[in-house]
Amino acid sequence: MRIAPKYTQRIAIALLGGATLLTLLVLLFIILFVLEKGLPAVTWQFLSQAPRDMGRSGGIFPVIVGTFLLPLLAIAIALPLGVGTAVYLTEYTRETRLTRVIRFGTDCLAGIPSIIFGLFGFIFFVVILGFGWSLLSGGLTLALMILPTIIRTTEEAIRAVPNTFREVSFSLGATRWETVLHVVLPNALPGIATGIMLSLGRSIGETAAVIFTAGSALRMPTSVYDSVRTMAVHFYLLAREGISNENAYGTAAVLILAVLGVNLTAYWIMNRFVGRHT
Amino acid sequence: MKWNSETIVRQVLTVIAFSSIAGLLLIALFILKEGLPFILKIGPQAFLLNSNWDPANGHYGIYPMIVASIWITLGAMLVGAPLGVAGAIFLNEFVPKPAMRVIKPTLELLAGIPSVVFGFIGVMVLAPLIRAYLGGPGLSLLAGALILGIMILPTVISISTDAIAAVPASYREGALALGATRWQAVHMVILKAARSGILASIILAMGRAVGETMAVIMVAGNAVKIPHGPLDSVRTLTANIALEMGYATGLHRQALFATGVVLFIFIMILNSLAGLVLRKKVRRS
């Protein structure tokens with residue numbers, strides 16, 4: 001017996017819609033569950049005080065500072081490198097076998113699990129170079145981790161700048177670098193900013209690459225050689241060691257809000273400024 | 001003068017470009033340099049196919065971890081791939097555009113939930129449920145696969161959605177003009193055209209699942225043994241590195257790098273597969 005197409009369509013829509021609804025509900029459940037359990041613990045004291053007794057009580061202020069310092073350091077390292085590389089690849093070379101190899105390499109590294117970066121950072125920066133568990137080791141490790149993303153997004157942003165812009169600039173007598181600096185980069189800026197925000201979001205939530213390179217000290221860092229603890233690491237340690245579920249939920253709530261805030265900003269930048277020229 | 005600064009800029013950019021590439025290459029070479037000699041020394045067979053992992057007594061077999069990583073990834077795909085692809089189809093074809101504008105960003109925001117949070121939900125909600133209704137320790141292959149399956153959903157949906165959206169509108173219109181229902185147009189025309197993009201999204205999600213560490217450490221139980229069923233506690237390759245990296249020295253540390261090499265190879269294979277699938281599509285069209 002054949003079922004009329006009208007009915008197979010209804011069945012298909014019901015199944016697909018059910019699957020979609022299930023997906024959204026599960027993901028929303030996770031966020032709401034954490035916020036519901038965590039937000040009651042989030043008070044001004046919680047945000048502004050230092051942790052006491054390994055985080056069993058007190059707040060998470062130094063952890064919040066660490067959470068933002070570490071990715072900022074990583075971006076400060078990766079941004080010039082990534083943008084420079086992208087400008088070189090798009091504006092200063094022709095598409096050759098070499099650029100294809102470079103692109104394949106960055107693509108492969110973009111897929112490498114963060115634990116591999118953690119392993120590398122731990123042995124290379126922490127042990128061999130002797131930076132110890134520190135802001136510096138963690139920042140360098142994260143910088144390598146986000147470098148492929150920054151190169152990729154910057155390249156795409158630069159490619160999206162119409163060629164006529166460059167031609168006009170050249171016809172006015174500008175050199176290649178003047179064109180890049182005054183025409184290409186300003187127009188690619190929103191795309192680059194989106195890449196930065198996405199890298200920031202990823203770094204804030206990162207645990208595996210950070211815990212073995214930046215360490216887990218609860219003190220306020222005073223130099224790049226000090227160990228810091230990020231919210232993701234703090235949450236992981238509180239939850240795993242069973243130190244304090246209440247503070248773990250509180251930290252997770254702040255962490256989720258921070259990541260969502262950063263990602264929302266990335267979205268806003270992308271929708272507001274990107275694609276104006278296309 | 002101008003000519004001079006132009007040359008300098010070019011030199012500087014060349015140096016920058018090659019140092020980023022060198023930095024990234026350094027990681028790959030470093031892992032290989034630390035890991036490969038170890039594999040060659042104890043022999044690939046003793047490393048890959050032996051089930052005895054006991055670094056204190058010089059036994060370095062990672063076979064159980066390889067099996068666990070493969071099973072947990074396949075399990076995650078079993079959960080994540082059908083749900084994700086179904087979601088992508090539904091969102092593209094059967095949801096009005098204004099609703100899409102809200103749902104798509106929401107999904108991509110959800111992709112940003114840190115993996116430790118997923119892991120924690122697994123420990124607090126999923127593992128007790130499994131323990132209560134299915135038995136076993138709760139922290140298990142099943143819990144790991146379910147959590148990973150949920151984690152990769154946004155990746156699968158987002159890339160599949162792009163693949164489906166890239167199908168030319170004329171294909172759909174042609175099918176509809178021939179009297180097909182929307183669903184017939186979808187599964188007879190659009191899905192065939194978007195096949196390689198969807199496949200690539202699944203392969204890339206597999207890469208993410210193989211490489212995931214923190215969530216898996218928290219929910220999979222971490223026992224080094226070959227699983228006999230989905231309710232057994234398992235340890236993946238990534239978990240093995242993360243759990244023992246802090247105190248490993250000498251040969252033990254090299255063994256962890258060698259584990260990293262195996263992981264690396266898994267990811268390279270998956271990435272090349274995804275690339276191959278996508279390239280085929282480009283050549284066809």
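Are E244(B) and R235(B) buried or exposed? Both E244(B) and R235(B) are buried, where buried means under 20% relative accessible area, exposed over 50% and partly exposed in between, with a 1.4 Å probe and protein chains only. Keep that pair in mind, as we will come back to it.

## Before we start

This is a predicted model, in which local features need pLDDT of at least 70 and side-chain atom pairs count only at pLDDT 80 or more, while totals for chains, interfaces and linings use all residues. Residues are numbered from 1 along each chain as its sequence is written, chains are lettered from A and ligands numbered from 1 in the order in which they are written, and side-chain values use heavy atoms, with hydrogens and water left out.

## Chain A at a glance

Chain A has eleven helices and two strands. Helices (H or I, at least four residues) and strands (E, at least two) are DSSP runs, numbered from the N terminus. Following the sequence, the order is α-α-β-β-α-α-α-α-α-α-α-α-α. The C-alpha trace of chain A spans about 75 × 65 × 35 Å along its principal axes.

Chain A has 278 residues, and 55% of them count as buried. Contact here means heavy atoms within 4.5 Å. Among the contacts in chain A with a separation of 6 or more, 73% are between residues 24 or more positions apart. Chain A exposes about 12,300 Å², and carbon and sulfur atoms supply 65% of that area; accessible areas come from the Shrake-Rupley method with a 1.4 Å probe, and for residues only the protein chains shown count as cover.

## Where the two chains meet

How many residues of chain B are in contact with chain A? The number is 71, and they are in contact with 73 residues of chain A. The area buried between the two chains is about 6,700 Å², with 83% given by carbon and sulfur atoms. Buried area is the accessible area (1.4 Å probe) that two parts lose on being put together, summed over both.

A salt bridge is a side-chain nitrogen of Lys or Arg within 4 Å of a carboxyl oxygen of Asp or Glu. Across the interface of chain B and chain A, the rule finds zero salt bridges.

## Salt bridges

Over all chains, the structure holds seven salt bridges. In one of them, the side chains of E91(A) and R166(A) meet at 2.9 Å, N to O. This pair links distant parts of the chain: E91(A) is in helix α3 (residues 61-92) and R166(A) in helix α7 (residues 163-171) of chain A, 75 residues apart. E91(A) is buried, with a relative accessible area of 9%, and R166(A) is buried with a value of 9%.

In chain B, R172(B) forms a salt bridge with E93(B), and their closest N and O atoms are 3.0 Å apart. R172(B) lies in helix α7 (residues 169-177) of chain B and E93(B) in helix α3 (residues 63-93), so the pair ties together parts that are 79 residues apart in sequence. E93(B) is buried, with a relative accessible area of 7%. Salt bridges that share partners join E93(B), R172(B) and R182(B) into one network. As for our opening pair, E244(B) forms a salt bridge with R235(B), with the closest N and O atoms 2.8 Å apart.

## A covered helix and what follows

What covers helix α10 of chain A? Nine of its ten residues are buried, including H234(A), F235(A) and Y236(A). Their cover includes α3, α8 (176-205), α9 (208-211) and α11 of chain A, together with α5 (115-133) and α10 of chain B. One residue of α10(A) to find is A239(A), which is buried at a relative accessible area of 16%. Leaving out residues up to four places away in sequence, A239(A) touches A248(A), F120(B) and M218(B).

After α10(A) comes G242(A), whose phi is positive, near 60 degrees. S244(A) lies in the loop between α10 (231-240) and α11 (245-273) of chain A. S244(A) is buried, with a relative accessible area of 9%, and touches G55(A), R56(A) and L238(A), not counting residues up to four places away in sequence.
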